[in-house]
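Dear colleague,

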Amino acid sequence: MPHLESDPAFHLVGNTPMVPLHRLFANNKGIEVFAKLEYYNPSGSVKDRIVVHILRDAEKTGKLRPGMTVVEASSGNTGAALAFFCARLGYKLILTTMTKVSEEKKNHMRMLGAEVIVCPTDVHHDSPEHYINRAAQIARETPNSFHVNQYDNPLNTEAHYLTTGPEIWRQMDGRVDWLVTGGSTGGTITGAAKYLKEQNPALKVLLPDPKGSALYHIAKTGVSREEDLGPYQVEGVGKECLTDAIDITVVDESMQYSDADAFGLCRACARLEGILPGLSAGGNLAGVQWLMDRIPGPARIVTIVQDAGVKYLSKLLKD
Ligand SMILES: Cc1ncc(COP(=O)(O)O)c(C=O)c1O
């Protein structure tokens, strides 16, 4: 059975392009906006980075051995990344996800051979039916299983500290003032921000958060409020509470956006830049717009396009 490091696809992860957005945001303050296109990773999202880091470690430490079953909860991208590598390496894979996740993402995971268990979206995060708790239960009950647990796994954050952060620094020639990106596990924002702040302590971080998630208020005040929680259509970002993977102290500013803001910016970015971002990246662009109205120029802003809008066409094509 092949192992991860011997798979040529392992070397396709990371080193994604950084492109300037020229037309989407009008400004006369000398603010430049750059987008890191994570959909160039082999399974189509930023999550390939954490999956190779976690699987490689698990194989090296013997936590994952031939014949075992990998188990994880995912809003679709970690799931697709795991399905891609598990198919190639011969591991069985069981994923839990939520009803609200786009049909494209659910079917992508299924096509790559994963067993996909769809859990209800609108349940309390303590409920055994919640997709994260369900995955933990499946992992406990499945003999010979390896639970990835991206939410509480320090290797998630470390993957971004070791790859996403350094790539941004290099691609920006060490000149970057703001990082704008949303969070779910918080691995991306925490790992990349830590690295970038070590290089430039003046760098600031904005976390755009969908309305209905608790992270905005937690970033502002340190506490989460049940009354902030509600449904939203954007996928893969926002949370009801903090995971172990996020260090919210890396966040300097936070703002809230609506589904309409995110969807609108996905569509506008496609028409004006030729780039169709995924829904959470549409939310990031709402954050960039909010920031540009508030900061003086000149400034250089980097945002992350975690995946592509083709994963959400069924949602984006509806109003
Ligand atoms: C589309 C999308 N955007 C953003 C994120 C958030 O990334 P992180 O878990 O590193 O906070 C995810 C995570 O699943 C995602 O799938």
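This is a predicted model: local features need pLDDT of at least 70, side-chain atom pairs count only at pLDDT 80 or more; totals for chains, interfaces and linings use all residues.

I begin with the helix pair. Helix 1, spanning residues 48-61, packs with helix 2, spanning residues 77-89, at an angle of about 45°, and their axes lie 9 Å apart. Angles under 35 degrees would count as roughly parallel and those from 65 to 115 as roughly perpendicular; the two helices are therefore oblique to each other. The crossing of helix 1 past helix 2 is right-handed. On the helix 1 side, the contact is made by Asp48, Ile50, Val51, Val52, Leu55 and Glu59, while helix 2 contributes Thr78, Ala81, Leu82, Phe85 and Leu89. Sorted by class, this contact comprises eight nonpolar, one polar and two charged residues.

I turn next to the cores. The largest nonpolar core contains 35 residues, and those with the most contacts inside it are Leu21, Leu24, Phe25, Val234 and Ile301. Two or more residues each are given to this core by strand 2 (31-37), strand 7 (178-180), strand 9 (253-257), helix 8 (259-273), helix 9 (279-292) and strand 10 (299-305). Helix 9 supplies the largest share, seven residues.

Leaving aside neighbours within four places in sequence, Leu21 is in contact with Val33, Ala35, Glu273, Ile275 and Leu285.

Yours sincerely

Terms used: Residues are numbered from 1 along each chain as its sequence is written. Side-chain values use heavy atoms; hydrogens and water are left out. Axes are lines fitted to C-alpha atoms, for helices over the stretch in contact, and angles run from 0 to 180 degrees between N-to-C directions. Helices (H or I, at least four residues) and strands (E, at least two) are DSSP runs, numbered from the N terminus. Angles under 35 degrees count as roughly parallel, over 145 as roughly antiparallel, 65 to 115 as roughly perpendicular and the rest as oblique. A crossing is left-handed if the near helix is turned anticlockwise from the far one by less than a right angle, and right-handed if clockwise. Contact means heavy atoms within 4.5 Å. Ala, Val, Leu, Ile, Met, Phe, Trp, Tyr, Cys and Pro count as nonpolar, Asp, Glu, Lys and Arg as charged, and the others, Gly among them, as polar. A nonpolar core is a set of buried Ala, Val, Leu, Ile, Met, Phe, Trp, Tyr and Cys residues joined through side-chain atoms within 4.5 Å. Buried means under 20% relative accessible area, exposed over 50%, partly exposed in between (1.4 Å probe, protein chains only).
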